[in-house]
Amino acid sequence: VMADYDSDTRFIFFQDMFQGFLLCQLFYVLFQWLLIRRNEYLYYFSYLMLLALYFLSKYEPLFGIHLLFTKYPVLRIYLSKTFLILPYFFYYRFVRSFLEMPSQYPQLNRWIVKLEYFLLCYSLFDFLFIVISFNQRMQALISTFVLIATFIISASFIVYMFRRRKTLVNYILTGSFFVGLGSIIG
């Protein structure tokens, strides 16, 4: 009993820390947008908000919050995979805007825009698929394939950009690589 209590306590502690960090990032990015008014802060805020909603959908009862997903548990089923895919869309938008890709890297920008639209279409497909079929097993299989393909495509974009050897680009790409890797591991 004590071993289970200790492991549960550690899990809750680390989840609380993670959610705290995520909340701090959300407020920081929101204040940055209020001060600077650049689009990339809204894209990054949207990315973080969707991640927060995803983790809230998974752990809302754990935190003792009865806000949305515990009151309407079917939302967790309908939106959980969408909350995993849609943040990629906003993250790509953030990176493209932050690195000024349309003017700096027009060819790569076109490829990323195509991937963004694919992710939007897939998010809509995913939502409609689960609403119509309610086949969670097939949804998980398809979304896993889409996440792996997105990671592989993202990794190729990262390799392409690393060859440019610009400090700001390398900084963003290192973070992007860990975002993708964390998503795949998760």
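Reader: How many aromatic pairs does the structure hold?
Author: It holds 14 aromatic pairs. Keep in mind that this is a predicted model.

Reader: What is the geometry of the pair formed by Tyr 44 and Phe 94?
Author: That pair is tilted. The centres are 4.7 Å apart, with 45° between the planes.

Reader: Where do Tyr 44 and Phe 94 lie?
Author: Tyr 44 is in helix 2 (residues 39-59), and Phe 94 is in helix 3. The pair therefore ties together parts that are 50 residues apart in sequence.

Reader: Is Tyr 44 buried or exposed?
Author: Buried. Its relative accessibility is 19%, and the cut-off for buried is under 20%.

Reader: And Phe 94, buried or exposed?
Author: Phe 94 counts as buried too, at 10% relative accessibility.

Reader: Which residues do ring pairs link into a cluster?
Author: Tyr 44, Tyr 47, Tyr 91, Phe 94 and Phe 98. So the pair of Tyr 44 and Phe 94 belongs to that cluster, and it joins helix 2 to helix 3.

Reader: OK, helix 5. Where do Tyr 122 and Phe 125 lie?
Author: Both lie in helix 5. They are three residues apart, about one turn of the helix.

Reader: How far apart are the ring centres of Tyr 122 and Phe 125?
Author: 5.9 Å. The planes are at 45°, so this pair is tilted.

Reader: What about burial? Start with Tyr 122: buried or exposed?
Author: Tyr 122 is buried, with a relative accessible area of 6%. Phe 125 counts as partly exposed, at 41% relative accessibility.

Reader: New topic. How do helix 3 and helix 5 cross?
Author: The axes of helix 3 (residues 73-98) and helix 5 (residues 106-133) cross at roughly 165°. They come within 9 Å.

Reader: Parallel or antiparallel?
Author: Roughly antiparallel. Angles over 145 degrees count that way, so a crossing at roughly 165° qualifies.

Reader: Left-handed or right-handed?
Author: The crossing of helix 3 and helix 5 is left-handed.

Reader: Which kinds of residues make up the contact of helix 3 with helix 5?
Author: The residues there divide into 18 nonpolar, three polar and five charged.

Reader: How far apart are Phe 89 and Tyr 117 in space?
Author: 8.0 Å, C-alpha to C-alpha. In sequence, Phe 89 and Tyr 117 are 28 residues apart. Phe 89 is in helix 3. Phe 89 is also buried, with a relative accessible area of 8%.

Reader: Now charges. Which ring does the charged end of Arg 37 sit over?
Author: The ring of Trp 33. The charged end of Arg 37 is 4.4 Å from the centre of that ring.

Reader: And Lys 114, which ring does its charged end sit over?
Author: The ring of Trp 111, 5.1 Å from its centre.

Reader: Back to Arg 37. Where is it?
Author: Arg 37 is in the loop between helix 1 (2-36) and helix 2. At 51% relative accessibility, Arg 37 counts as exposed.

Reader: What is the phi of Arg 37?
Author: About 60°, which is positive, although Arg 37 is not a glycine. Most residues other than glycine have a negative phi.

Reader: What about Glu 100? What is its phi near?
Author: Near 50°, again a positive value in a residue other than glycine. Glu 100 lies in the loop between helix 3 and helix 4 (101-104). At 40% relative accessibility, Glu 100 counts as partly exposed.

How values were computed:
Residues numbered from 1 in each chain as written. Predicted model: local features only at pLDDT ≥ 70, side-chain atom pairs only at ≥ 80, totals over all residues. Heavy atoms only, no water. Axes fitted to C-alpha atoms, helices over the stretch in contact; angles between N-to-C directions. Helix = DSSP H or I, 4+ residues; strand = E, 2+ residues; numbered from the N terminus. Parallel < 35°, antiparallel > 145°, perpendicular 65-115°, else oblique. Left-handed = near helix turned anticlockwise from the far one by under 90°. Nonpolar A, V, L, I, M, F, W, Y, C, P; charged D, E, K, R; others polar. Phe/Tyr/Trp six-rings, centres within 6.5 Å; stacked < 30°, edge-to-face > 60°. Buried < 20%, exposed > 50% of the residue type's maximum accessible area, 1.4 Å probe, protein only. Lys NZ or Arg CZ within 6 Å of the ring centre and 35° of its normal.
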